[in-house]
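Subject: Structure handover

Hello,

Here is the structure we talked about. Please open it and keep it beside this message while you read.

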Amino acid sequence: MSEPKPPTPTPGDNYKGWLFKWTNYIKGYQRRWFVLSNGLLSYYRTQAEMGHTCRGTINLATANIAVEDSCNFVISNGGAQTYHLKASSEIERQRWITALELAKAKAVHMQAESGKTENAKDCSSLCVKHCLIVCLIFFVISSSLLSPSDDSGDDCPAVPPTSGQGGGCRNSEVQSTLRTLNSKVEDLTTCNDLIVKHGSALQRSLSELEAIRVGGEMGEKIRQVTERATLFRITSNAMINACRDFLSLAQSHSKRWQKALQVERDQRIRLEETLEQLAKQHNHLERAFRGATVLPSSFSNSALGNKGGSGKGDASDEDDDNEFFDAMEDPAEFITVPADPKYHRRSGSNVSGLSSETGMDDQSTNFDELSLASNPESPQPLELEPVRQRRTRIPDKPNYYLNLWSIMKNCIGKELSKIPMPVNFNEPLSMLQRLSEDLEYYELLDKAAKCQSSLEQMCYVAAFTVSSYSTTVHRTGKPFNPLLGETFELDRLTECGYRSLCEQVSHHPPAAAHHAISEKGWSLRQEITLASKFRGKYLSIMPLGSIQCIFEKSDNHYSWKKVTTTIHNIIVGKLWIDQSGEIDVVNHKTGDRCHLKFTPYSYFSRDVPRKVTGVVTDKDGKAHYVLSGTWDEKMEFSRVMQSSKGENGTEGKQRTVYQTLKAKEIWTKNPLPEGAENMYFFSSLALTLNEAEEGVAPTDSRKRPDQRLMEDGRWDEANAEKQRLEEKQRITRREREREAVKAASTPEEGAHQDNYQALWFEKFDDPVSGETMHVYKGGYWEAKDQGSWEMCQDIF
């Protein structure tokens with residue numbers, strides 16, 4: 001099926017959008033905002049610059065527009081101004097070329113008309129001038145309404161219309177058109193008044209001339225002019241009335257036009273989506289067929305001799321996906337530029353090698369799902385269990401006044417875990433529940449488990465490490481410090497295919513162990529110890545410990561650590577959170593590594609706030625993927641085709657230039673629920689964590705009384721209950737220390753020893769990563785099935 005025709009811009013409208021402009025050989029193409037208005041093409045670095053800083057303007061009336069290839073085109077005025085531009089797609093490039101050609105033609109026409117207007121001198125020329133103005137305005141009105149239906153979408157060319165926002169955009173377009181028509185009719189009325197005024201004066205002058213005794217020939221000429229002037233006035237009045245009727249008709253039919261346009265666009269979008277899905281399925285079926293079919297040697301040799309064989313078809317299939325991109329901003333460590341065209345037009349052998357080496361996301365995922373669906377041995381559910389409806393709201397946060405300085409002035413320099421903080425600084429979740437929130441984007445690990453390539457799998461694991469920080473961007477409340485022996489289970493086996501368990505395994509230093517396992521073939525374990533210091537203006541939280549992820553199918557074993565979290569404006573100002581530091585995600589089986597950098601926020605930096613960049617390398621240090629994005633919004637990854645050393649950066653370090661393919665979105669943050677600002681900015685998952693649930697252990701965080709009282713808004717009672725629980729924990733600790741002294745051979749040997757042993761976790765020396773951590777030893781879920789919790793302590 002032929003490609004849908006791009007909408008033709010309306011001649012009288014402005015045209016604006018993003019284009020890539022060539023700057024130099026170091027930075028390559030850079031993303032700039034271009035605005036086409038009144039025959040002038042101007043560009044800005046960002047949309048915000050439109051009000052104060054223009055980076056350059058070129059007059060299209062004297063410019064030459066040339067198309068280079070599918071996405072590139074050049075605009076030059078024959079002098080020092082030459083713009084080498086590139087659109088994001090061929091359709092977008094065609095839209096710009098159409099808009100530029102129309103603007104150029106209009107600019108040339110307007111110059112010619114202005115030259116004709118200057119030559120009008122006498123009264124007859126004045127009448128002709130008014131007639132031309134009326135006709136021109138009538139032409140603009142007609143062309144504005146009679147242009148193709150696709151023109152109304154040019155105001156937002158980069159965003160396809162959706163059911164939610166498209167209606168509002170088109171409604172505003174219709175209203176704007178009607179306002180324009182009203183103004184044009186007012187202009188016509190003004191012109192009509194001028195014509196009537198000058199026409200009446202002209203007729204009086206002609207009548208006076210007719211009264212004068214002149215020759216017969218001159219009198220006849222005067223009568224002819226008088227008749228023509230009368231006809232001109234009648235015609236202009238008729239045209240004004242026709243324009244009024246035209247506007248009235250447009251207003252009465254605008255709603256019907258809008259509805260018809262909405263239906264047509266929705267049908268076009270559905271058709272495009274359907275064709276895209278069919279193309280992908282066709283491509284996957286062809287690959288599956290070629291991979292599963294073994295040809296005879298004679299047929300294979302004859303096929304190899306055929307120049308029009310399947311290898312050429314492979315190249316054409318792959319070429320549709322291999323588009324190129326430019327980075328929006330250059331990070332400090334590396335620069336990304338478009339890949340060389342030779343990687344775009346390659347032979348079939350190169351394509352097959354690249355696809356097997358890369359294991360692209362959509363291909364590997366859909367192919368695995370197709371294989372599982374067609375496998376008769378794959379387990380099929382016998383009956384469907386109803387999915388439990390989780391809560392979507394908690395009581396709103398009460399507005400209690402608290403003298404912050406009176407509490408914090410004596411805490412500077414002390415360990416945060418040793419400070420008796422009131423619940424006013426907390427959120428109604430424990431640290432164990434906050435640790436379980438790392439699984440909000442568990443789908444990334446599900447996709448990683450299906451990857452055939454370990455390097456692509458590394459990209460998903462890296463995106464998962466970044467996604468765990470997205471819930472913290474507005475969460476300035478401190479979670480409850482878990483009591484020793486406190487647990488929290490997150491059983492989402494029916495809904496999401498995974499279940500996790502957390503336990504507070506140590507009190508000094510405070511440490512929590514976490515274990516999660518999924519039916520999709522991955523397991524996650526981590527032990528986190530928080531070291532925190534209050535420095536007056538800000539609070540720094542340094543997570544210590546390791547996180548490990550293991551995939552059963554490939555036996556890939558990944559490990560990484562967390563970055564530092566900083567809470568600013570503790571005393572004065574609005575609290576805000578920043579993440580900074582570096583993470584090395586290591587695959588201990590293959591030696592692959594992903595180095596992620598969380599750029600700290602700086603007032604003087606031009607970088608995007610909360611920026612994250614990363615590079616995936618193999619065991620030899622060769623870069624294969626580049627990751628970029630923000631830890632609070634989304635992440636993208638793109639394949640590296642070639643790398644080279646560039647010039648030195650701002651810190652004297654030599655930056656690496658990566659030539660990459662088109663970036664693909666790998667993770668996007670889920671939107672917060674409605675009213676989240678009144679519910680501690682909890683995500684949809686966080687709202688369900690403290691929901692009461694039957695069958696959990698008596699040590700579960702859901703049964704913690706002070707936390708439950710705070711969630712209900714009873715903060716004074718929660719503070720009293722919090723002090724009771726902490727004092728009970730101190731008494732239990734002193735009893736363990738006394739027992740340790742009795743068991744020791746000498747009092748000095750047992751002094752200040754705590755012989756506490758975790759219930760569900762045990763210490764383990766991991767031979768793969770070489771680290772010592774608490775790992776799940778089993779028994780919890782079996783105890784839950786039996787409803788037997790005799791081994792649990794009474795900590796509440």
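Below is what was found in it, from the whole chain down to single residues.

**Ground rules**

This is a predicted model, so local features need pLDDT of at least 70 and side-chain atom pairs count only at pLDDT 80 or more, while totals for chains, interfaces and linings use all residues. Residues are numbered from 1 along each chain as its sequence is written, and side-chain values use heavy atoms, with hydrogens and water left out.

**The whole chain**

The chain has 17 helices and 27 strands. Helices (H or I, at least four residues) and strands (E, at least two) are DSSP runs, numbered from the N terminus. Of the 796 residues in the chain, 43% are buried. Buried means under 20% relative accessible area, exposed means over 50%, and partly exposed is in between (1.4 Å probe, protein chains only). Now contacts, meaning heavy atoms within 4.5 Å. Among contacts with a separation of 6 or more, 60% are between residues 24 or more positions apart.

**Two packed helices**

Two packed helices are described by the angle between their axes and the distance between the axes. Look at α11 (residues 443-450) and α12 (residues 454-467). They pack at about 170°, with axes 8 Å apart. Axes are lines fitted to C-alpha atoms, for helices over the stretch in contact, and angles run from 0 to 180 degrees between N-to-C directions. The two helices α11 and α12 are therefore roughly antiparallel. Angles over 145 degrees count as that, under 35 as roughly parallel, 65 to 115 as roughly perpendicular, and the rest as oblique.

Which residues of α11 and α12 make the contact? From α11 come Leu444, Leu445, Lys447, Ala448 and Ala449. From α12 come Gln457, Tyr460, Val461, Ala463, Phe464 and Ser467. They divide into eight nonpolar, two polar and one charged. (Nonpolar covers Ala, Val, Leu, Ile, Met, Phe, Trp, Tyr, Cys and Pro; charged covers Asp, Glu, Lys and Arg; the others, Gly among them, are polar.)

The buried residues of α11 are Leu444, Leu445, Asp446, Ala448 and Ala449. Their cover includes α12, β13 (510-518), β14 (522-534), β16 (547-551) and β25 (664-668).

**Salt bridges**

The structure holds 36 salt bridges. In each, a side-chain nitrogen of Lys or Arg is within 4 Å of a carboxyl oxygen of Asp or Glu.

- Glu427 pairs with Arg475, the closest N and O atoms being 3.0 Å apart. Glu427 is in strand β9 (residues 426-430) and Arg475 in the loop between α12 and β10 (478-480), 48 residues apart. Glu427 and Arg475 are buried.
- Asp632 pairs with Arg610 at 3.3 Å between the closest N and O atoms. Asp632 is buried at 16% relative accessibility. Arg610 is partly exposed at 28%.
- Arg55 meets Glu49 at 2.6 Å, N to O. Arg55 is partly exposed at 37%, whereas Glu49 is buried at 10%.
- A network of salt bridges links Arg388, Arg390, Glu495, Glu691, Glu693, Asp700 and Arg702.

**One arginine to look at**

Arg434 lies in helix α10 (residues 431-436). Is Arg434 buried or exposed? Arg434 is buried, with a relative accessible area of 14%. Its side chain joins that of Glu427 in a polar contact of 2.8 Å. A polar contact is a pair of N or O atoms within 3.5 Å; within protein, one must be able to donate a hydrogen and the other to accept it, and residues adjacent in sequence count only if both atoms are side-chain atoms. Leaving aside neighbours within four places in sequence, Arg434 contacts Glu427, Thr472, Arg475, Gly477 and Pro479.

Best wishes
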